[in-house]
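Trainee: Could we go through this structure together? I would like to begin with the overall picture and then turn to single residues.

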Amino acid sequence: MQIGTYTSEKINQLSFFFVCLVVLVHTGGIFENAPPSTPAWWLHHLFSKGIGRSAVPFFFAVSGFFLFKNYAPTLSWYLKICKSRFFSLYIPFICWNIFIYTILFAPSALSISNVPHLLGFDFHLFPAYAPLWYIKNLCILVIASPVIGFFVKKRNYDFLWILPLVPTFLLWFVLGRRNYYCIFLDGLLFFLIGSVLAFRKPTLPPLKPLPLLTAWLSLIALATAIQFSTDPGAFFWSGWGGLLQRASLFTGLLAIWVAYDSTQRRLPAWLTATTFFVYCSHSIIQALLAPRLHLPLPVSWLILFFTSLLVSVGLSAAIRRSAPRLNAILTGNR
């Protein structure tokens with residue numbers, strides 16, 4: 001399946017928007033000990049645990065879509081995509097893991113016993129550099145792509161795609177963000193959705209972005225109010241809050257996808273080219289900066305978000321310009 005120039009550019013532009021949401025999610029770490037129902041607490045749950053949670057599902061869906069858009073049930077296709085993802089995913093995964101691990105724990109910590117963890121050859125939930133869990137999950141899903149392709153490939157009797165997708169969706173919607181060994185259930189679900197879309201081109205009815213955006217934010221606000229209620233007797237409602245939060249992910253993705261079409265401004269190419277680097281680098285900047293912020297929490301939150309985002313973008317642009325080969329290695333030639 002081929003996609004048009006407009007859709008390709010749309011995905012590229014939205015990827016930068018969603019990586020900003022990833023930075024927002026991780027910025028919320030400074031709020032973990034905020035007293036309940038304070039402004040800092042609400043900022044954390046509305047933005048870091050609400051609005052920002054639509055980001056990684058988008059990246060999983062896009063990854064599944066691009067992996068399978070030229071799918072062929074052949075060994076040559078499998079070897080080709082393994083080679084491609086080895087350089088675009090696994091090499092950056094190793095480089096960032098070792099680089100960040102060295103910064104955080106000093107080179108002396110690079111012992112032989114840590115090698116499997118640094119290379120991702122283990123069943124740890126998170127790699128040495130935790131934000132790279134997304135890339136580790138993708139590498140595993142690439143290895144499993146022949147099995148996924150068998151089910152999601154379009155046929156005359158088109159029903160096999162339901163077999164992995166529907167049970168995964170039901171498990172995720174009921175149980176939430178569970179993990180099995182080192183695979184997150186939500187990552188698998190949205191990767192499957194992207195792979196299904198690669199074989200089928202659904203046509204959306206005319207939708208207006210404002211009602212969708214309103215519904216998205218309303219679901220997040222309601223889920224926050226219910227799920228994080230301080231009422232000890234709110235256990236029953238807490239479960240409903242989780243369901244509403246997961247429903248908000250789909251509403252948010254659809255709202256942002258539709259809203260893009262009504263905007264006229266486009267980000268410059270040099271900025272969208274920093275997306276992958278920003279994803280990989282922002283957490284270490286936050287880890288170094290956060291302990292030095294002693295301002296009121298909402299102020300520290302804003303400073304941490306914008307500083308880590310701007311520094312990551314600046315570093316990416318500088319390395320891309322001054323050391324293109326290094327940039328190609330760190331970003332998988334993106």
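Predicted model: local features only at pLDDT ≥ 70, side-chain atom pairs only at ≥ 80, totals over all residues.

Trainee: What pLDDT does the chain average?

Mentor: The average is 85, and 87% of the residues score at least 70; pLDDT is the predictor's confidence in each residue, from 0 to 100. Over residues 232–237 the pLDDT is below 50, and this stretch has two contacts in the model beyond near neighbours in sequence. Contact means heavy atoms within 4.5 Å.

Trainee: How many helices and strands are there?

Mentor: The chain has 15 helices and two strands. These are DSSP runs numbered from the N terminus: helices are H or I with at least four residues, strands are E with at least two.

Trainee: And how many of the residues count as buried?

Mentor: Of the 334 residues, 46% do. Buried means under 20% relative accessible area, exposed over 50%, and partly exposed in between, with a 1.4 Å probe and protein chains only.

Trainee: Where does helix α3 sit, enclosed or open?

Mentor: Helix α3 is largely enclosed by the rest of the structure, because 13 of its 14 residues are buried. It covers residues 55–68, and its end C-alpha atoms are 21 Å apart, which agrees with the 20 Å that it should span at 1.5 Å a residue. The expected span is 1.5 Å times one less than the number of residues.

Trainee: Which residues does Phe-68 contact?

Mentor: Phe-68 lies in α3 and is buried, at 0% relative accessible area. Leaving aside neighbours within four places in sequence, its contacts include Trp-77, Ser-145, Phe-191 and Phe-199.

Trainee: New topic: how many salt bridges does the structure hold?

Mentor: It holds one, between Asp-261 and Lys-10, whose closest N and O atoms are 3.1 Å apart. The pair links distant parts of the chain, with Asp-261 in helix α11 (residues 235–261) and Lys-10 in helix α1 (residues 5–27), 251 residues apart. A salt bridge is a side-chain nitrogen of Lys or Arg within 4 Å of a carboxyl oxygen of Asp or Glu.

Trainee: Are those two residues buried or partly exposed?

Mentor: Lys-10 is buried, because its relative accessibility is 3%, whereas Asp-261 is partly exposed at 40%.

Trainee: Which helix gives the most to the nonpolar patch?

Mentor: Helix α8 (residues 162–175) does, with four residues. One of the residues making the patch is Val-166, which lies in α8 and is partly exposed at 35%.

Trainee: Finally, where is Asn-333?

Mentor: Asn-333 is in the segment after α15 (324–331), and it is exposed, with a relative accessible area of 63%. Its phi is near 65°, a positive value in a residue other than glycine. By contrast, Thr-331 is found in α15 and counts as buried, at 1% relative accessibility. Leaving aside neighbours within four places in sequence, Thr-331 is in contact with Ser-88, Pro-92, Phe-276 and Phe-277.

Technical notes
Residues numbered from 1 in each chain as written. Heavy atoms only, no water. Patch = residues over 30% accessible without salt bridge, like charges linked within 9 Å, V, L, I, M, F, W, Y side chains within 5 Å. Areas by Shrake-Rupley, 256 points an atom, 1.4 Å probe, with all protein chains shown as cover.
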